[in-house]
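Me: I would like to go through a structure and ask what lies behind the words used for it.
Reply: Here it is.

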Protein chains: 2
Amino acid sequence: MIAHVGVVTDSGPIVLPMAYGRTDDWLYLHGSAANAALRSASGRDVCVAVTIVDGLVVGRSPFHNSMNYRGVVIRGTARSVDSRDEHLEALRLVSNHVVATWDTGRPPTELEIRKTMVIAVPLIEMSAKIRTGDPIDEAEDLDGPYWAGHVPIRSVWEAAVPAGDLPDGIDVPPAIESLDGRAV
Amino acid sequence: MIAHVGVVTDSGPIVLPMAYGRTDDWLYLHGSAANAALRSASGRDVCVAVTIVDGLVVGRSPFHNSMNYRGVVIRGTARSVDSRDEHLEALRLVSNHVVATWDTGRPPTELEIRKTMVIAVPLIEMSAKIRTGDPIDEAEDLDGPYWAGHVPIRSVWEAAVPAGDLPDGIDVPPAIESLDGRAV
């Protein structure tokens, strides 16, 4: 759902959790045009990590403890997205990344669009790692008296909760309602 | 469960997901002594983000979409942990951070300890953010025909899965067994 974005500012590295969207070629990040970290990322090298933790891995030795996870790390030089068409498309992609809300929400205003900065990171230098299943213990430990295995995590969407100030008679959009009970 | 750690290497910023442990004063990160990112962090400024995503927030306007989350961002100069006592204690804290496994696992060997590097980040410069509940929409949108609300995520531990090569008759340690069904 979120990316952790690392940028180098004048006062050192910063890592921030951010929403994102993407095409095959670009990862898009958006934020307030007043966001100092986002502004300092533009034109500079950034690193973006997206990590899903699937469970805990317990080895016979704690040194073989680990996590089961799926993760991607992307490195590249971010560019500010200045063309009107790409800017709007990037905002749509970020908005629709987790669940499509762009077309069922109130259409954006010019002010909202102008106040939202978008940067793009090229999807060229990337590494993906997936770890699943059992720990990998030392051969000499396998007959020992210590437990080993893994503990999965299950993350599911619960039922949508209407805002307290929502007028009666407005239905949950199907894309949002259909999340209920699905794996995140 | 995990931290995203940002360090500045000679080839730019890197963000990596890592296990961690902590005291009131120090956050500990460990890894192979051959880990280039960890080595380059020692003595330099780092940024550590820990983020728990609790759900999706859907505004009337997609520009008011957000996440419900709990997050901490820590900045500081990392130091290599060289004292034997602190090194061992840090390894115990990292190992026990999610669930206590240090005392029920096979005791560490000298080689395991030597091959594992620990760095400490001072818990001095930190910010914590918590977002819960409804979107915050524009006043003029409140009477509109658009749905607004939030969709919670529920993450729970499932039952522990024994390793395929675990001999019969070794019980799951109580600390691990008791995770089953608990919120992550």
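**Two chains and their contacts**

Reply: In this predicted model, a rotation of 180° with 0.0 Å of shift along its axis places chain A on chain B, with an RMSD of 0.0 Å. The copies are superposed by least squares on the C-alpha atoms of residues with pLDDT of at least 70 in both.

Me: What makes the two copies related as by a two-fold rotation axis?
Reply: The rotation is 180° and the shift along the axis is 0.0 Å, and thus the two copies are related as by such an axis. In chain A, the C-alpha nearest the axis belongs to Ser155(A), 2.0 Å from it.

Me: How do you know that the copies meet through the same surface?
Reply: Of the interface residues of chain A, 100% are also interface residues in chain B, so the surface is the same. In numbers, 77 residues of chain A are in contact with 77 residues of chain B (contact means C-beta atoms, placed from the backbone, within 7 Å).

Me: What makes E10(A) and strand E9 of chain B a pair?
Reply: Two strands pair if DSSP finds at least two bridges between them. Here 5 bridges join E10(A) to E9(B), residues 149–157, and the two run antiparallel. Strands are DSSP runs of at least two residues, numbered from the N terminus. Trp157(A) stands opposite Ile153(B) in E9(B).

Me: Why is the set of 78 residues called a nonpolar core?
Reply: The term means buried Ala, Val, Leu, Ile, Met, Phe, Trp, Tyr and Cys residues joined through C-beta atoms within 7 Å, where buried means 20 or more other C-beta atoms within 10 Å of a residue's own. The largest such set has 78 residues, with Val48(A) and Ala120(B) among those with the most contacts inside it. Strand E4 of chain B (45–58) gives the most, 8 residues.

Me: Which residues does Val48(A) touch?
Reply: Not counting residues up to four places away in sequence, Val48(A) touches Ala3(A), Val5(A), Leu27(A), Ile74(A), Val121(A) and Val15(B).

Notes:
Residues are numbered from 1 along each chain as its sequence is written. Chains are lettered from A and ligands numbered from 1 in the order in which they are written. This is a predicted model: local features need pLDDT of at least 70, side-chain atom pairs count only at pLDDT 80 or more; totals for chains, interfaces and linings use all residues. A residue is buried if 20 or more other C-beta atoms lie within 10 Å of its own, exposed if 12 or fewer, and partly exposed in between; C-beta atoms are placed from the backbone. Helices (H or I, at least four residues) and strands (E, at least two) are DSSP runs, numbered from the N terminus. Two residues are in contact if their C-beta atoms, placed from the backbone, lie within 7 Å.
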